[in-house]
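Let's take a friendly walk through one protein chain, from its overall build down to single residues. Keep the structure in view as you read.

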Amino acid sequence: MDKRNTEQDFISAFWHLYEKKPIEKISINQLCQIAGYNRATFYNHFENIYALFDKAVYDILFPVKRNVFSSQNFYNLLQKDLMGSVLLTYFQQQDKYIELLFKRQNHYVLSDKIKKEFLLLISENVKPNTKVYEKIEILLEYQISAVLGVINYWYQKGKLISEQDILQKIYDISTKGVLTSLKTELQSIYEDSKA
């Protein structure tokens, strides 16, 4: 069996166990039993359970990396307004795993990977350790933290609205700004009360 299939078998086994228990409670023996390999095979592919976890999270981010982060020019990607559709597709495909990360309070791993990928992409056009780069870093920190906070809230509230609606709301807030979006929502309530 090739390396990719073996790693995928371990990743599938990991998600199966992670659905039932936190990472600290998952043993290598359990993983090997479910994946159908021995411990030596596990250690040929991963240093430890956290390296496997890291790879599993990376794999759920890979479709975005392929479609967004592989863009030659991030500015052009934003100009073409493609982020919303790519992120909606990605989120719908990976929702089960993303929800598990939030449920287990491990979404910071996803956040760190997203930030790293965005900064890597931006560093191709903006020199690191400059004022512009630092300003972009602050914007990314704010935006990614805000988005993940809203997604966490959405999961905690039992997904009261659809995936498409929550992602559209996040996208609208991201493109229009928080205060403009809040003003729009309050304006419709105010106008309804006057009618």
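A residue is called buried here when its relative accessible area is under 20%. By that rule, buried residues make up 37% of the 195 residues in the chain. Bear in mind that this is a predicted model.

## The overall build

What kinds of secondary structure does the chain hold? The count comes to 10 helices and 0 strands. Read from the N terminus, the elements run α-α-α-α-α-α-α-α-α-α. Now think of contacts between residues at least 6 apart in sequence: 63% of these join residues at least 24 apart.

## Helices that pack together

Two packed helices are described by the angle between their axes and the distance between the axes. Here are two such pairs to find in the model.

| Helix pair | Axis distance | Angle | Handedness of crossing |
|---|---|---|---|
| H7 (residues 107–123) and H8 | 10 Å | about 150° | right-handed |
| H8 (residues 131–156) and H9 (residues 163–176) | within 11 Å | roughly 150° | right-handed |

How do H7 and H8 run relative to each other, parallel or antiparallel? Angles over 145 degrees count as roughly antiparallel, and H7 and H8 are therefore roughly antiparallel to each other. On the H7 side, the residues that meet H8 include His107, Ser111, Ile114, Lys115 and Phe118. Among their partners in H8 are Tyr133, Ile136, Leu140, Ile144 and Leu148. Sorted by class, the contact of H7 with H8 has 9 nonpolar, 4 polar and 3 charged residues.

The axes of H8 and H9 cross at roughly 150°, which makes H8 roughly antiparallel to H9. From H8, the residues Gln143, Val147, Val150, Ile151 and Trp154 take part, meeting Glu163, Ile166, Ile170 and Ser174 in H9. This contact of H8 with H9 has 6 nonpolar, 2 polar and 1 charged residues.

## A closer look at Ile144

Ile144 is found in helix H8. Is Ile144 buried or exposed? Its relative accessibility is 8%, so Ile144 counts as buried. Leaving out residues up to four places away in sequence, Ile144 touches Ser111, Ile114, Lys115 and Phe118. Ser111 and Ile144 are 33 residues apart along the chain, yet their C-alpha atoms are separated by 6.9 Å.

## Aromatic rings

A pair of aromatic rings is described by the distance of the centres and the angle of the planes. How many aromatic pairs does the whole structure have? A search finds 13. One of them joins Phe14 and Tyr18, a stacked pair with 5.1 Å from centre to centre and 20° between the planes. Phe14 and Tyr18 lie 4 residues apart in helix H1 (residues 3–18), so about one helical turn separates them. Both Phe14 and Tyr18 are buried.

Phe42 and Phe46 make a tilted pair, because their ring planes stand at 40°, with the centres 5.6 Å apart. Both Phe42 and Phe46 are buried too. Phe42 and Phe46 also belong to one aromatic cluster, together with Phe10, Tyr37 and Tyr43.

## A buried glutamate

To finish, return to helix H1, where Glu7 has its place. With a relative accessible area of 9%, Glu7 is buried. Which residues does Glu7 touch, not counting those up to four places away in sequence? They are His45, Phe46 and Lys55. Phe46 is also a member of the aromatic cluster described above.

Notes: Residues are numbered from 1 along each chain as its sequence is written. This is a predicted model: local features need pLDDT of at least 70, side-chain atom pairs count only at pLDDT 80 or more; totals for chains, interfaces and linings use all residues. Side-chain values use heavy atoms; hydrogens and water are left out. Axes are lines fitted to C-alpha atoms, for helices over the stretch in contact, and angles run from 0 to 180 degrees between N-to-C directions. Helices (H or I, at least four residues) and strands (E, at least two) are DSSP runs, numbered from the N terminus. Angles under 35 degrees count as roughly parallel, over 145 as roughly antiparallel, 65 to 115 as roughly perpendicular and the rest as oblique. A crossing is left-handed if the near helix is turned anticlockwise from the far one by less than a right angle, and right-handed if clockwise. Contact means heavy atoms within 4.5 Å. Ala, Val, Leu, Ile, Met, Phe, Trp, Tyr, Cys and Pro count as nonpolar, Asp, Glu, Lys and Arg as charged, and the others, Gly among them, as polar. Rings of Phe, Tyr and Trp (its six-membered ring) pair if their centres lie within 6.5 Å; planes under 30 degrees apart count as stacked, over 60 as edge-to-face and the rest as tilted. Buried means under 20% relative accessible area, exposed over 50%, partly exposed in between (1.4 Å probe, protein chains only).
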